[in-house]
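Take a look inside this protein.

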Amino acid sequence: MRKIVALLLALVMVFALCACGQAAAPAQSTEAAPQENAAPAENAEPERPHFDKLTLEFVPSKDADVIIAGTANLPELVKAEMANLGYDIDEVDITVGTSYDATGEAMSAGSIDLGWLPGGTYALYSDDVDVILTATRNGLSNDSENPADWNGDANATQKNGPQVTFYRALIYATPSEYGKKLAEKVNNGEALTWEDLDGAKWAVQKTSSSAGYIYPTMWLMENFDGKKISDLSNVIPLDSGYGTAFSYAAAESVDVIVCYADGRNDYEASWMLPTDQQDETGKQGMGRTDSIWNELNVIGVTDGIYNDTVAISKASPYYTPEMVEALQNCFINIINTEEGKAIFDVYSHTGYAKAVDSDYDGARLALTVLADD
């Protein structure tokens with residue numbers, strides 16, 4: 001009897017062991033399954049942000065061909081620098097707007113991501129665009145508020161001053177017969193009258209141009225009892241930039257033009273070239289026989305204008321705090337290289353500083369002053 005009981009106990013233990021072994025097997029297999037689909041290691045690199053295209057546009061403050069030629073290497077530099085900062089961009093496209101307003105409108109619509117806008121143009125479109133950088137530039141050897149101090153070969157300005165965040169606009173008398181009369185009065189120390197200026201034929205830029213319209217208007221208002229460019233009897237608005245203004249001046253088609261203070265530096269070589277030749281930057285010769293410093297005389301000097309912006313469209317996919325910071329660092333890094341300095345020399349920009357919208361409150365105030373225009 002004891003033998004039978006012992007045999008039964010042994011059989012029970014065997015069955016129990018077998019049952020335990022069979023139950024353990026699935027547990028082992030279910031533990032192995034998740035290992036095949038394990039989550040990435042915690043130190044794996046996140047996927048880099050990727051963009052198909054970045055669109056850049058410059059306003060036509062220089063000839064479009066000159067800007068396109070001068071910035072030809074910029075797309076590759078931008079792609080390389082953004083890659084260094086952790087962002088991959090397949091294509092960088094550069095265009096030149098047909099006018100200042102055209103670039104502002106394109107940015108407002110979101111068809112252009114970044115634009116190089118003068119302060120006045122930026123202020124006009126700042127509901128839809130946001131400044132990210134302000135240009136710095138070499139100041140000029142001359143910053144006199146007396147227009148006669150700017151005239152003649154002996155006073156030819158050099159771009160060798162300290163870094164500045166502002167520039168001036170100048171009102172120039174051309175070598176036309178009437179322009180020479182205005183220049184003679186100024187160089188003799190005589191004050192111009194409103195009648196003197198109203199008798200001239202003026203060529204000006206679009207109303208959003210700081211140096212080509214806004215600040216020259218403010219100069220008139222300050223010196224001639226609130227009179228504006230819109231009060232002048234004979235004004236030709238130009239849509240195609242300063243190159244056209246200088247060609248009109250050389251052809252004596254107008255008596256007065258307005259431009260940024262170093263404009264004569266930019267057209268010095270082409271001024272005296274034959275009309276069938278081009279200077280090294282591609283500007284067409286204007287056929288004059290005397291220097292631009294002697295023939296294009298300053299008759300008015302405006303207050304300082306806050307430097308140009310690099311602005312971003314608020315409708316752009318790049319308009320995020322992270323991307324704005326990356327783009328700021330990208331262009332600051334590029335302009336701090338020799339190749340970058342050569343590229344942005346087309347705008348006389350020698351550096352960039354991070355900016356905020358309130359920097360341009362003065363330009364916004366200027367637009368308010370000109371609202372009736």
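How do the residues of the lining of the largest cavity divide into nonpolar, polar and charged? There are ten nonpolar, five polar and four charged residues. Keep in mind that this is a predicted model.

**Cavities**

Rolling a probe the size of a water molecule over the atoms shows where empty space is left. This structure holds three cavities of 30 Å³ or more. The largest has a volume of about 200 Å³. Its lining is made of 19 residues, and S61, R137, Y167, Y260 and D308 are the closest to its centre. Two elements, β3 (114-117) and α8 (210-223), each supply at least two residues of that lining.

The second largest cavity holds about 40 Å³ of space. Its lining consists of P60, S99, Y100, Q205, K206, S209, L238, D239 and G241. The table sets out the two linings by class.

| Cavity | Volume | Lining by class |
|---|---|---|
| Largest | about 200 Å³ | ten nonpolar, five polar, four charged |

**A helix pair**

Two packed helices are described by the angle between their axes and the distance between the axes. The crossing is left-handed.

Which residues make the contact? From α8 come I214, Y215, M218 and M221. From α14 come G362, A363, A366, L367 and V369. Eight of these contact residues are nonpolar, one is polar and none is charged.

Key:
Residues numbered from 1 in each chain as written. Predicted model: local features only at pLDDT ≥ 70, side-chain atom pairs only at ≥ 80, totals over all residues. Heavy atoms only, no water. 1 Å grid on protein atoms, 1.4 Å probe; cavity = no way out; pocket = protein on both sides within 12 Å on 5 of 7 lines; lining within 4 Å. Points joined across faces, edges and corners; volume = space filled by probe spheres on them. Helix = DSSP H or I, 4+ residues; strand = E, 2+ residues; numbered from the N terminus. Nonpolar A, V, L, I, M, F, W, Y, C, P; charged D, E, K, R; others polar. Left-handed = near helix turned anticlockwise from the far one by under 90°. Contact = heavy atoms within 4.5 Å.
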